[in-house]
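The sequence and the coordinates are shown first.

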Amino acid sequence: MKFLTEKAKLICRHRTGAVQISTRQHLVRIDGDSVLVKRDPELKTILGCSNVGPTIKPCSLTLAATAGYSDFIRIDGKAVCLDTIVGLTDGTPPSAIQYIVKDAGQDFVAERP
C-alpha cells in the first residue's frame with residue numbers, strides 16, 4: 001500500500017470528477033512532495049463530475065473516508081493516508097458514490113501489510 005502525496009490523483013467513481021488535494025503537513029516529503037495524512041482527502045472539492053441531469057447532483061465534495069489510513073505509521077500524531085483510501089461523495093444517489101485513488105503520486109514508499 002503506497003503512501004499518498006500531494007500529487008496523488010483521487011477521483012469519484014464516475015471516473016470524471018477530480019478531487020482537489022491539499023495537505024496540512026509539510027514535515028515529511030517523498031521526492032519533494034508532502035505526504036497526505038488523516039483528514040487531508042476529506043471535505044475537498046471535486047471538479048468535473050459528469051453525473052448530471054434534472055434530478056441528479058454531480059459529485060462536488062468528498063466526505064469522511066471509510067478506509068485507507070495506516071494503522072501503524074503516523075506523522076505528527078496523524079495516520080498516513082494510503083492508496084487504499086475510500087470514502088463517500090455528496091453526489092447522487094446519496095450515500096452510494098465513492099471517491100477512490102487513481103494514482104498515489106509516487107512509487108517509492110509503501111506500507112507492507
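## Conventions and model

Helices (H or I, at least four residues) and strands (E, at least two) are DSSP runs, numbered from the N terminus. By that convention, Ile21 is placed in the loop between strand 2 and strand 3 (29-30).

The model is predicted: local features need pLDDT of at least 70, side-chain atom pairs count only at pLDDT 80 or more, and totals for chains, interfaces and linings use all residues. Residues are numbered from 1 along each chain as its sequence is written, and side-chain values use heavy atoms, with hydrogens and water left out.

## Overall fold

The chain contains 0 helices and 8 strands, in the sequence order β-β-β-β-β-β-β-β. Its radius of gyration, taken over C-alpha atoms, is 14 Å. Along the principal axes, the C-alpha atoms fill a box of roughly 45 × 25 × 25 Å.

Buried residues (under 20% relative accessible area, where exposed means over 50% and partly exposed in between; 1.4 Å probe, protein chains only) make up 43% of the 113 residues. Among contacts (heavy atoms within 4.5 Å) with a separation of 6 or more, 61% join residues 24 or more positions apart.

## Nonpolar cores

A nonpolar core is a set of buried Ala, Val, Leu, Ile, Met, Phe, Trp, Tyr and Cys residues joined through side-chain atoms within 4.5 Å. The largest one has 19 residues, of which Leu4, Leu10, Val19, Cys59, Tyr69, Cys81 and Ile85 touch the most other members. Strand 1, strand 6 (62-75), strand 7 and strand 8 each give two or more residues to this core, and strand 7 gives the most, with 3 residues.

Beyond its neighbours within four places in sequence, Leu10 is in contact with residues including Leu4, Val19, Ile21, Ile85 and Tyr99. A second, separate core of 7 residues includes Phe3, Val35, Val37 and Ile75.

## Loops and backbone geometry

Most residues other than glycine have a negative phi, and most peptide bonds are trans. Arg15, in the loop between strand 1 (9-12) and strand 2 (18-19), has a positive phi of about 75 degrees; this residue counts as exposed because its relative accessibility is 53%. Arg39, in the loop between strand 4 (33-34) and strand 5 (46-47), also has a positive phi, near 85 degrees, and counts as partly exposed at 43% relative accessibility. The peptide bond from Thr92 to Pro93 is cis, with omega near -5 degrees. Pro93 belongs to the loop between strand 7 (78-89) and strand 8 (98-103).

Ile21 is in contact with Glu6, Ala8, Leu10 and Leu36, leaving aside its neighbours within four places in sequence.

The side chain of Thr89 reaches the backbone nitrogen of Gly91 at 3.1 Å. Leaving aside neighbours within four places in sequence, the residues in contact with Thr89 include Cys12, Ile46, Cys59, Leu61 and Tyr99.

Key: A polar contact is a pair of N or O atoms within 3.5 Å; within protein, one must be able to donate a hydrogen and the other to accept it, and residues adjacent in sequence count only if both atoms are side-chain atoms. The radius of gyration is taken over C-alpha atoms; the globule rule is 2.2 Å times the number of residues to the power 0.38.
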